[in-house]
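Dear colleague,

I am passing a structure on to you, together with a short account of what was found in it. Please look at the structure before reading the notes that follow.

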Amino acid sequence: MGSYGLIGETSRPRRARRLGRAWKRRCSLWLFSLSLLSLVYLAFFGARLPFDSLHHGHVNERIFANEVEKSKMRHANDYISEDINTLLEGQGSHTSLGKEISVNKSNFRNLGFASDIKNNLSHARADSQLEGSKHSRAKSRKRHVPCEVGFAESVDNLVEPENYLNFTKFSLEYITKEETSNKNFVIEPRFGGHQTLEQREKSFYARNQTIYCGFVQAPEGYRSTGFDLSEKDGEYMANCIVVVSSCIFGNSDFLRRPTSSKIGTYSKKNVCFMMFLDELTLKKLSSEGHVPDDMGNIGLWRIIVVKNLPYADMRKTGKVPKFLSHRLFPSARYSIWIDSKMRLHADPMLILEYFLWRTRSEYAISNHYDRHCVWEEVLQNKRLNKYNHTVIDEQFMFYQSDGLSKFNESEHSSILPSFVPEGSFIVRAHTPMSNLFSCLWFNEVNRFTSRDQLSFAYTFLKLKRMNPGRPFYLNMFKDCERRAIGKLFHHKLVDNPPPVL
């Protein structure tokens, strides 16, 4: 009996230990199973629950962003309304036009200006609402691509068409100096001169005349009006017959060389590739490794250093080589302008044949890739603060009072496929009509804003209207063709709007 009692006493702890170990194993198994089930549930059904508040946060942020955008648009519309009402109600003169433009409310209403502006405002609001919907759908943006251009296979057999330059004939001379004082006040010499509205009106006639076209020299004792070139460069430029030109002022862009493999031997020997720079830009380019060689070239570009820039606005200074190539290159028969944001990717002689000779045109420029009406261009310039809004309003009102209307494709397509150009690429023959148009366009930029897209249609239409029977053969080609002849880049710097004038 005693031994049995001892065996029972020792077996109980062992049984308890076995039960404990079994319980632990079962608990571990249950915990593992529960964890696995929880993970499966979260993976298939409950993954969104912990992040639901974050998801709603993104929705709220989007809603808030949309509300902010709508608020901005309402403020922009209110701003436009306030500007228009102020301009309609106010009487007096605009000082930035030399107190020559008198704005009278009744006169503008007689011309239909008030109704046009109000209609334009309603369209602007509708466009703003449409723009708001576009912002919420970033993928809806248009993608602009180049298209095929049917260039000739080679420059070897190119011949200028017989009687090609037999366009409208007349003689143009240019005002090179003007008096600096009269009985009432002293005139400060300016590069563009001091053209009166009467002189401006007469200059649109295609006839033998002497007109303002930049390069108005200061009399003795006064500082130069600007765009000063060295005597050596002037002599070189005077011998150019075919010119490709571009410019960079104020270190506003990178130097982009023409694609040498696309330029034929004939063009490399006979075409002048001219790049206009100021001293600041040349210094910066030199520090980046773009140093002119002994001939003054960087690649195909012949570097022309401009001293004493005529305008504080670098964009306006850039219009001198852009529009006045016939003044800079007096012997040239043809010129091609290419903006510094483009790299030339085609032979200049093939360009002349395709855009001018083949179409019997004396001036070629592409339509804008997105906008065709000056009203749209005005709103876009203000929305992006491209220039002082008051000066834009002055220019826009002046053009409307002189007959500028909205672009209507069914009505105007036979005249121009667009009222807004893409001015980064221009091909022109130096004919009297082409030279006159270039001078007129430059004078508008000199008088108003440097945004030349605002003045293109007005200048062309007024020139055409005032010279019936004396045609100007302008070829406005597709923007996709412009993209095919050059690689496009963004400008180096974002321009700030010029100060209030």
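Which residues are buried in H16? They are Phe 456, Ala 457, Tyr 458, Thr 459, Phe 460, Leu 461, Lys 462 and Leu 463. Helix H16 spans residues 456–465 and is mostly covered, with eight of its ten residues buried. Buried stands for under 20% relative accessible area, exposed for over 50%, and partly exposed for what lies in between, with a 1.4 Å probe and protein chains only.

Please note that this is a predicted model, in which local features need pLDDT of at least 70, side-chain atom pairs count only at pLDDT 80 or more, and totals for chains, interfaces and linings use all residues. Residues are numbered from 1 along each chain as its sequence is written, and side-chain values use heavy atoms, with hydrogens and water left out.

The chain as a whole

The chain has 501 residues, of which 45% are buried. Its secondary structure comes to 17 helices and 14 strands; these are DSSP runs numbered from the N terminus, helices being H or I of at least four residues and strands E of at least two. Of the contacts with a separation of 6 or more, 83% are between residues 24 or more positions apart, a contact being heavy atoms within 4.5 Å.

The sheet

Eight strands make up an open sheet with mixed pairing, in the order S7-S8-S6-S5-S9-S12-S11-S13. Its edge strands, S7 (297–298) and S13 (474–477), each pair on one side only. Two strands pair if DSSP finds at least two bridges between them. Strand S11 (residues 363–367) pairs with strand S12 (residues 421–429) in the antiparallel sense over five bridges. Tyr 363 has Arg 428 in S12 as its bridge partner, and Asn 367 has Pro 421 in S12. S11 and S13 run parallel and are joined by four bridges; here Ser 366 stands opposite Phe 477. All five residues of S11 are buried.

Salt bridges

The whole structure holds 17 salt bridges, each being a side-chain nitrogen of Lys or Arg within 4 Å of a carboxyl oxygen of Asp or Glu. One of them joins Lys 462 to Asp 402, with the closest N and O atoms 3.0 Å apart. This pair links distant parts of the chain, 60 residues apart: Lys 462 is in helix H16, and Asp 402 is in the loop between helix H13 (389–401) and helix H14 (409–412). Lys 462 is buried at 2% relative accessibility, whereas Asp 402 is partly exposed at 22%.

A second salt bridge is formed by Lys 202 and Glu 198, whose closest N and O atoms are 3.4 Å apart. The two residues are separated by about one helical turn, because they are four residues apart in helix H5 (residues 197–202). Glu 353 and Arg 358 also meet in a salt bridge, at 2.8 Å from N to O; Glu 353 is buried at 13% relative accessibility, and Arg 358 is partly exposed at 43%.

A buried asparagine

Asn 443 lies in helix H15 (residues 432–447) and counts as buried, with a relative accessible area of 4%. Leaving aside neighbours within four places in sequence, Asn 443 is in contact with Gln 195, Tyr 212 and Cys 213. Its C-alpha atom is separated by 9.8 Å from that of Thr 459, 16 residues apart along the chain.

With kind regards
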